[in-house]
Amino acid sequence: MPGLAGRPGSWGGLVLRVGQTFFAAACIGVMGSSLGFASYTAFCYLVASMGLQMLWSFGLACLDAYAIKTKKDLTSPLLLSLFVVGDWVAAILSFAGSSSAAGVVILFQKDVLFCRRYPQLSCGKYELATACAFLSWALSATSALIMFWLLAAF
């Protein structure tokens with residue numbers, strides 16, 4: 001399927017990877033600048049999963065840029081298998097991290113009202129970091145589905 005948007009080595013694929021990298025880096029930056037995030041396991045896991053997402057996506061963005069520049073085809077079955085496994089692992093881990101962090105944010109704001117009682121908590125930053133993580137996951141899941149679709153077409 002050479003015309004599929006988002007395939008490896010295309011401008012669409014590069015945009016997906018850059019978006020994943022950007023939102024994962026934004027999540028890490030916002031969460032890292034918030035006070036006391038390391039006290040909560042869900043937030044630590046979010047930072048770890050977004051770190052993995054950022055590294056994976058940045059590496060594939062560089063590969064996409066190289067393939068565009070040199071006009072290489074990255075749709076061999078072996079490469080697609082590697083991309084499928086990596087994308088699915090990264091997508092599942094980032095979804096788990098995003099969901100767990102969202103659960104803690106909701107707990108803090110709506111259930112136990114920690115954000116009202118302890119104004120030193122960076123609840124707004126926790127929310128922003130979680131939103132960035134979900135955006136990174138959405139782009140990662142899109143990319144994983146495209147890779148799976150391409151592999152199934154072989």
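**Exercise 1. State in which order the elements of the protein chain run from the N terminus on.**

Solution. From the N terminus, the order is α-α-α-α-α. The count is five helices and zero strands. Helices (H or I, at least four residues) and strands (E, at least two) are DSSP runs, numbered from the N terminus. The model is a predicted one, in which local features need pLDDT of at least 70, side-chain atom pairs count only at pLDDT 80 or more, and totals for chains, interfaces and linings use all residues. Residues are numbered from 1 along each chain as its sequence is written, and side-chain values use heavy atoms, with hydrogens and water left out.

**Exercise 2. Describe the stretch that UniProt lists as a domain.**

Solution. Step one: an unreviewed UniProt entry lists residues 7-139 as "domain: Casparian strip membrane protein"; such annotations may be inferred rather than shown by experiment, and positions follow the numbering used here, with feature names shortened. Step two: residues 7-139 are 82% helix and 0% strand. Step three: the end C-alpha atoms of this stretch lie 13 Å apart.

**Exercise 3. Decide why A24 counts as buried, and find what A24 touches.**

Solution. First, locate A24: helix α1 (residues 11-33) holds this residue. Next, apply the cut-offs: buried means under 20% relative accessible area, exposed over 50%, partly exposed in between (1.4 Å probe, protein chains only). A24 counts as buried because its relative accessibility is 0%. Then list contacts (heavy atoms within 4.5 Å). Leaving out residues up to four places away in sequence, A24 touches M50, Q53, M54 and S136.

**Exercise 4. Work out the surroundings of S143.**

Solution. S143 belongs to helix α5 (residues 123-153). With 1% relative accessibility, S143 counts as buried. Beyond residues up to four places away in sequence, S143 touches L16, R17, Q20 and D87. With R17 there is a side chain to side chain polar contact of 3.1 Å. A polar contact is a pair of N or O atoms within 3.5 Å; within protein, one must be able to donate a hydrogen and the other to accept it, and residues adjacent in sequence count only if both atoms are side-chain atoms.

**Exercise 5. Give the share of buried residues and the share of contacts that join residues at least 24 apart.**

Solution. Of the 154 residues in the protein chain, 42% are buried.
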